[in-house]
Every structure is written in structure tokens, then in C-alpha cells.
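Biologist: Hey, I'm new to this one. Can you walk me through it?
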Amino acid sequence: TQSTRPQRILTAVQKNATRGDPRSVVKAIDHFCRNKEWAMNVGDEKGCILDSVVSEVNPATVLELGTYCGYSTVRIASLLPPNAKLITLEFNPDFAAIARQVIAWAGLEDKVQLVEGASGDWIPKMKEQFGVKTFDLVFLDHWKNSYLPDTKLMEECGLLRKGSVLLADNVICPGAPEYLEFIRSSPRYKSQYFKSHLEYTKVEDGLEKSVFLGLVNEEWT
Ligand SMILES: Cn1cnc(CNC(=O)c2cc(-c3ccc(F)cc3)cc(O)c2O)c1
Ligand SMILES: [Mg+2]
């Protein structure tokens, strides 16, 4: 039977990366996707911006929306302090199955909880199911038209605190126009755009970093 692209990515990791070495896993996926088959990982260029935001926030709790093959999961988890937790949600069971093996190859399974299902179903259950109070960092990389409803849902569920950081991939390509419009005009967020390129290409793309400011007082007038 024909293999899938995620399966071929896993094979490339198992052949070219060292078990327990997250950087070699990231390198193997980037090499495969740049030289063999493009895939929708955040990639090396935007990945460096992701790394710098993770290092700056130094989060104890991270939520990733959209796991795919686990590339950004490995990048983030490899930078987390001891006892920090990353919960990553993936809707597609085939992607989730591959991601589990990529995360295990990197030796990061103790820092990562991969949850299969729809973000809209799981976000309201985060507190009761995983004992999460709030997230210090959220990486949005799932369906682009889910960025906005899921951000509103996280607010409503009290999962964001003053200072929580949202980092959204693909705000230019494929684009998340409703999300960008909302987050850049909301008084509850301080946003910053990091210009970059679509993974493994010269096409423009970028990451939007938004800090939640909490409920600002004019909302009570
Ligand atoms: C099916 N599916 C499961 N998860 C998702 C969510 N991710 C994306 O959709 C996504 C798409 C692209 C992209 C695709 C085609 C193209 F021509 C240009 C860009 C890039 C990304 O970085 C992404 O994160 C989609
Ligand atoms: Mg993406």
C-alpha cells in the first residue's frame, strides 16, 4: 500500500535523526521537506522565530493547536524548563499517530500530551481533564478559520491570563484575515507581526505574536 507523506516524514526521521536528540529530528524533517517533499511544518525560518518567543516566554504551560507531524511540538518541547507541560491538539488521527512516534523519537514524550479531537470540543475541557489553570503560551497552527473562534473560546473558558502569549502561524499564507483583524483591533491584545516566509519557500508569510492584556477597564463602562 502507498505510504502517506507523514509516514515518509517519520521514515526520514527514523533513518537520519538520532534517538533522543530533538535538534537532529528537526534537522531531518527540514532536510526532507526542503529537498524531497514540501510539507506544512512551521519550518526552519519561522521555527527560529518560534524558538525565540518560546525562550522569551519560558512557559510552564503551552497549548499547541494543530500538531501535524510533531515538528513544532518537538521544537517547543525541547526548549521547555523541567516540569513544564505542552498539550498539543490534532484533529486528524493519521497525523496524530505519526506525531506520537516523532515526539517519542525525539525523547520528549514526558513533556508532551498529544490529544486527538476537535479544538472546539477540547478547549472547554482543559481545566477538568488536564488540571490546567491558564496557558502561558498558545501556538495556533491548525485550521486558519478556527484561529478566531478558538481564541474567543479560550478567553471565555478563562484559559488566558494577563500576559499569556498567542503566537499564530500562517497569518499571511494561507492567511487568517478575520483573526488578524480582530486581534490587531482589540484593546485586550498587544500584537506584533514577525515577517518571514512560507516554510521551505520564498512566498511571504509571517507569525503574529499577541499578548493578552486581561479585561481592560473600559469594558465595564
Ligand atoms: C489538513 N490540515 C490539517 N491541519 C491543517 C492546518 N494547517 C494548515 O492548513 C497549513 C497550510 C499551509 C499551506 C498549505 C498549502 C499552501 F499552498 C500554502 C500553505 C501551511 C501551513 O503552515 C499550515 O499550517 C490543515
Ligand atoms: Mg502552519
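Modeller: One term to begin with: buried means under 20% relative accessible area, taken with a 1.4 Å probe on protein chains only. This is a predicted model, where local features need pLDDT of at least 70, side-chain atom pairs count only at pLDDT 80 or more, and totals for chains, interfaces and linings use all residues. Residues are numbered from 1 along each chain as written, ligands are numbered from 1 in the order written, and side-chain values use heavy atoms, without hydrogens and water.

Biologist: Okay, which residues are buried in helix α10?
Modeller: Y179, L180, F182 and I183 are, in the helix that spans residues 177-185. Helices are DSSP runs of H or I with at least four residues, strands are E runs of at least two, and both are numbered from the N terminus.

Biologist: And what covers the buried residues there?
Modeller: The cover includes strands β4 (135-140), β5 (160-168), β6 (189-197) and β7 (204-212), along with helices α8 (147-156) and α9. Contact here means heavy atoms within 4.5 Å.

Biologist: Switching topic: what coordinates the magnesium ion (ligand 2)?
Modeller: D141 (OD), D169 (OD) and N170 (OD1) do, at 2.0 to 2.2 Å. D141 sits in the loop between β4 and α8 and N170 in the loop between β5 and α9, so this pair ties together parts 29 residues apart in sequence. Donors are N, O and S atoms within 2.8 Å of the metal (3.2 Å for Na, K and Ca), and water is not among the atoms, so sites may look incomplete.

Biologist: Are D141 and N170 buried or exposed?
Modeller: Both D141 and N170 are buried.

How values were computed:
Buried means under 20% relative accessible area, exposed over 50%, partly exposed in between (1.4 Å probe, protein chains only).
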